[in-house]
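These are my notebook entries on a single protein chain. I set down what I looked up, one topic at a time.

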Amino acid sequence: MSDTVALSLPVRSDLLVLARITAATMAARADFDIEEIEDLRLAVDELCLSVVGGARSGTVRLEFTLDDATIAITCELDRRGEPDDGYVPAEPDDLSIRLIEALVDEHHRDAGTGGGRAWLSKRRSRVEH
């Protein structure tokens with residue numbers, strides 16, 4: 001059985017804390033240990049920042065799916081209907097990519113129309129049999 005939570009937030013750095021809280025809460029419910037939860041919180045921060053980049057407007061859409069011992073998180077920037085302010089999605093820097101790679105099991109980023117989309121997944125290290 002899987003649980004899915006979706007968040008839709010205006011692009012504002014002070015609201016991205018909600019993404020971290022949601023990831024931590026879902027991971028805690030799945031018995032991730034405290035270190036894994038902190039890794040996930042950092043990874044979600046980097047994921048969101050890599051997608052939002054320098055955007056000053058739009059909507060950040062996140063989906064958190066918990067399935068047994070794995071949490072998957074998708075982040076997308078939606079800029080449809082936003083004024084053309086010259087925004088161009090930026091590629092994440094090498095440090096951001098290396099950080100995400102160190103914190104999660106899988107991740108991917110692709111460009112979408114009007115914004116970017118990225119996802120990551122992390123498995124709980126201890127699995128009950």
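**Entry 1: salt bridges.** I began with a definition: a salt bridge is a side-chain nitrogen of Lys or Arg within 4 Å of a carboxyl oxygen of Asp or Glu. I also noted that the model is predicted. In general, side chains of opposite charge can pair when their charged atoms come close. My search of the whole structure returned eight salt bridges.

Which residues are linked in a network of salt bridges? I found that Arg61, Asp78 and Arg80 form such a network.

Asp78 is buried, because its relative accessibility is 11% and the cut-off for buried is under 20%. Arg61 is partly exposed at 36%, whereas Arg80 is exposed at 67%.

I recorded another salt bridge, between Arg123 and Asp105, with an N to O distance of 3.8 Å. Arg123 lies in strand S5 and Asp105 in the loop between H3 and strand S4 (106-112), so this pair too links distant parts of the chain, 18 residues apart. Both residues count as partly exposed, Arg123 at 42% and Asp105 at 37%.

Entry 2: In soluble globular proteins, nonpolar side chains tend to be buried together. The largest nonpolar core has 32 residues, and Leu40, Leu62 and Ile73 have the most contacts inside it. Among the elements that give two or more residues to this core are helix H1 (17-29), helix H2 (34-52), strand S2 (59-67) and strand S3 (70-78). H2 supplies the largest share, eight residues.

What does Leu62 contact, leaving aside its neighbours within four places in sequence? I listed Val5, Ala6, Leu7, Leu9, Ala19, Cys48, Ile73, Thr74 and Cys75.

**Entry 3: Ile71.** I located Ile71 in strand S3. Is Ile71 buried or exposed? Ile71 is buried, with a relative accessible area of 0%. Not counting residues up to four places away in sequence, Ile71 touches several residues, including Ala23, Met26, Phe32, Leu40 and Leu120. I also checked Thr4: its C-alpha atom is 9.6 Å from that of Ile71, although the two residues are 67 residues apart along the chain.

**Entry 4: the two sides of H3.** I found the buried residues of H3 to be Ser96, Ile100 and Leu103. They lie on the same side of H3, because they cover an arc of only 70° around the axis. An α-helix has 3.6 residues a turn, so residues three or four places apart point the same way. The face turned away from the buried side of H3 carries the exposed residues Asp94, Leu95, Arg98 and Ala102.

**Entry 5: a nonpolar patch on the surface.** Which residues form a nonpolar patch on the surface? I noted Val17, Leu18 and Ile21, which together have about 210 Å² of accessible area. Val17 is found in helix H1. Val17 is partly exposed, with a relative accessible area of 30%.

Terms used:
Residues are numbered from 1 along each chain as its sequence is written. This is a predicted model: local features need pLDDT of at least 70, side-chain atom pairs count only at pLDDT 80 or more; totals for chains, interfaces and linings use all residues. Side-chain values use heavy atoms; hydrogens and water are left out. A nonpolar core is a set of buried Ala, Val, Leu, Ile, Met, Phe, Trp, Tyr and Cys residues joined through side-chain atoms within 4.5 Å. Buried means under 20% relative accessible area, exposed over 50%, partly exposed in between (1.4 Å probe, protein chains only). Helices (H or I, at least four residues) and strands (E, at least two) are DSSP runs, numbered from the N terminus. Contact means heavy atoms within 4.5 Å. The arc is that of the directions from the helix axis to the C-beta atoms. Patches are made of residues with over 30% relative accessible area and no salt bridge: like charges are joined within 9 Å, nonpolar side chains (Val, Leu, Ile, Met, Phe, Trp, Tyr) within 5 Å. Accessible areas come from the Shrake-Rupley method with a 1.4 Å probe; for residues, only the protein chains shown count as cover.
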